[in-house]
Each structure stands twice: as C-alpha cells, then as structure tokens.
Amino acid sequence: MSQRSKSRGGMKLLKQRMFLFVGLAILKWVEGMEDTNVTDIDMLYVNGRGFYRPLMVGITLINGAAAKGAVCLDGSLPGYHFHRGYGSGSNSWLIQLEGGGWCGTIKNCLYSKKTRHGSSFFMEKQIPFIGILSNKAEENPDFFNWNRIKIRYCDGASFSGDSQNAGAGLYFRGQRIWQAAMEDLMSKGMRYAKQALLSGCSAGGLATIIHCDEFRELFPRTTRVKCLSDAGLFLDSVDVSGRRSLRNLFGSVVTLQGVRNSLPRSCTSRLNPILCYFPQHLIAGVRTPLFLLNAAYDTWQIQASLAPPSADYRWNWYECRKDYARCSAPQIQYLQGFRNQMLRSTRAFSRSYKNGLFINSCFAHCQSERQDTWFARDSPRIGNRGIAESVGNWFFDRVSVQAIGCPYPCDKTCHNLVFK
C-alpha cells in the first residue's frame, strides 16, 4: 500500500471516529437538556435570607412491580420519593412525574439504560423537594402539607410504552410502571384522597397529558382531580432545516416502544399514532381539568427540536440556542413564529372554563420544579400573579386562569436560561 493510500485510509478512519464522537456528544447533549431544571444549584437555593438545605426525601422501590413486568429499561425496579402530608393536607395528594427525554433507537436506549433515566441502580437515593414539592408554606402555599410524590422516570417513553427487545436486554414498560405506581400509592392511602393533582415536567408533562383521564378514573366522582403539565406542550414544528426533527424522534419512540395502545383512542382513531404523541392533538380531548404551564420560547424545544445541531448545518444557531441575547433579529422572528404556533395550538383548549393556561414569554423549561420560578419574591408573573398563585387559583376554583404573556422582550420578570 502506498503512503498516500495509507494516509487517506488514516484520514478516513479519523473522520469516522470524529463523526462517532460528535454523534455521541450530540446525543448526550440533547438528552442532557432535560436535566437543566434539576441542577446542583437547586440543592442550595438562595431566597434572600441566606442558604438552606431543602427537604431531602429518600427513594422507595416498588417491590411488587417486577411480577407485573413493570420494570425500567434495564429490568430494575421503578421507584418514587414520598413525603407524607399532614393536617389539612393529610387527605390531599400531589403526584409529580419526572421528565428525562426519550429514547427511540436501540442504541440510544442502551445508553439511557446505564443512567438514572433507565435504571434505578443509578438513581439518587435522596432528592430535594423544592418548588411545587416543597414542604414550606412560604415556598409552596397551596400544596406544602399535601402527600407529595415524585415518580422517577426510567422507561424513555413518557410512561407509555409496553414492549421489549430481548436481544438487547431492553424493557419498554412505561405503561406498566405507571399502573404499578398508581396501584402502590392507592394501597398507601391515595384511594381516600379528597383532592388530587397529577403533575409532571417535560417528558413527565407529556405523560401527565396522556394519563390525565386515567388518573381521574382512579377516584370517586366526589374527589377533586386535576392535572398540571409543565413544559409538556411539545409542538410538531418545522425545524431550521425545513424538516421535523421532533416528529422523527417521537415516531421512533412510538414505534420502538409500542406506545400506540397507551394513547387516547379518541385521537388514534382519526390520526396517525405518532401525531397523537404531540399534545397539540390531545389537549382538547382531555376531559379532566388540565392546566398548561409553558414558556413560549421553551429552551428544550429550541435546542432539540427547532434548531438542533443535526438541522443546523452551518451552526448559525449555535450562539442563539445557548443564549437568547445572542439571537439575531431574523432568529427572534423565527422564534416568534414558534410562540404564535403554541398560542394557536391552545386556542380550542382555552375555550373550556375548566382548563387553565399560563404561557409566559420566557426562555425557560420546567418552571414548577424550581423554587425561583415557582414561588419567590421575584418569580415570573403575568399581570400581577405568579405561577404558584395561578395554579392554586385554578385548582381551588378561586379565579379562572387564562394567562398569556406579551411577546419577547416585554416580560421583565422572566428567569431566562443561559447555557455555557
């Protein structure tokens, strides 16, 4: 072999390795986007009075889940974190479904299988309860003394799949995990609930929409039951390359993980199941009162759906997707179009008096899980009301909430996310 051919072969191998490295980096980067709302900074929240350590709650594994086939991607037991309510909240239950992205290919699921989003072996033994899970009245005025549960996410399909791949050792059992968790919590007192709220962030917010009516059916008609989806309004949008990156991802998830049977038949009877994985086609059909909390410029959707590296061939969006202040005028105009699409998608939904809406024009993702955005002195507001107050007003029927903020850059109360 000539020196030139050796050189070419070496260059080809180097390029292949570089593409592989970049591909894995992008995969981890996109999956890591879901973790931006649960960071070390939440462990020590600054509230103006100094630092404090929040309530830490240990994990409980669902021991009877394996017999029902309700296991994580790697076959380990699913789990949740549970802090008992007391006093006036002893018969009230708040269930929060954790987010964590999706896996729609064997390769991606094998990667997730070795993380806390695919195995309980890698989950934290304790997590902080802050924001909507806080046990302090001054941080969580309406739900602080409720029974509060965070169900961990380890199936990669928003608690909705029911399949497996024996060859790869992967279990797609999100629907069974949901059912096993509900059965376990019902046996621990949730069946006696006088009021219950199902909530979730991001992939958990999508799961909340999918399972909202199922949750309602667990209780007598006399129980007040509602659902809160935070950052779960994923849109079937065209990305900067003219394709639909998120539809491709959702399509692979629905197909690989056997999601179809978990989706409402009112949607799948008229639309492709892949489209029924998008909340814009589900929300108007949810019978249970539902509250949508979303940032009009959702940072996860900007980074992984609208302008992901795979669609941004020339990296024109590299600075913009990390820091909104570095977006050009045409890029801001593009994002305004995304906001308009979000508002159109909620138009029919908002006509129902039972539903609630809080769409602020912020660059954010998951605002109920963070103390600074949920309830603090400088929390985001629309008009004269913040997020926690708006959700509480809606849940307890104190005030109807259909709040939509003015477009960027007029909202000065935002806690916009900037990525380094």
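1. Start with Cys320 and Cys327. In this predicted model, the two form a disulfide, with sulfur atoms 1.9 Å apart. The torsion about their S-S bond is about 85°, so the disulfide is right-handed. Both Cys320 and Cys327 are buried.

2. Another of them joins Cys267 and Cys276, whose sulfur atoms lie 2.1 Å apart. Here the link is left-handed, with -95° about the S-S bond. Cys267 and Cys276 are buried.

3. Look next at Cys212 and Cys227. A disulfide joins them, S to S 2.2 Å. This pair links distant parts of the chain: Cys212 sits in helix α4 and Cys227 in strand β9, 15 residues apart. The torsion about the S-S bond of Cys212 and Cys227 is about 100°, so this disulfide is right-handed. Cys212 and Cys227 are both buried.

4. Strand β8 (residues 195-201) runs parallel to β9, and 7 bridges join the two. Between them the chain passes through helix α4 (residues 203-216), and this β-α-β crossover is right-handed.

5. β9 also pairs with strand β10 (residues 290-295). That pairing is parallel too, over 4 bridges.

6. Which residue of β9 is the bridge partner of Ser199? Leu228 is. In β10, the bridge partner of Leu228 is Phe291.

Notes: Residues are numbered from 1 along each chain as its sequence is written. This is a predicted model: local features need pLDDT of at least 70, side-chain atom pairs count only at pLDDT 80 or more; totals for chains, interfaces and linings use all residues. Side-chain values use heavy atoms; hydrogens and water are left out. Two strands pair if DSSP finds at least two bridges between them. A crossover is right-handed if, with the strands pointing away from the viewer, the path from the first strand over the helix to the second runs clockwise. A disulfide is a pair of cysteine sulfur atoms within 2.5 Å. Buried means under 20% relative accessible area, exposed over 50%, partly exposed in between (1.4 Å probe, protein chains only).
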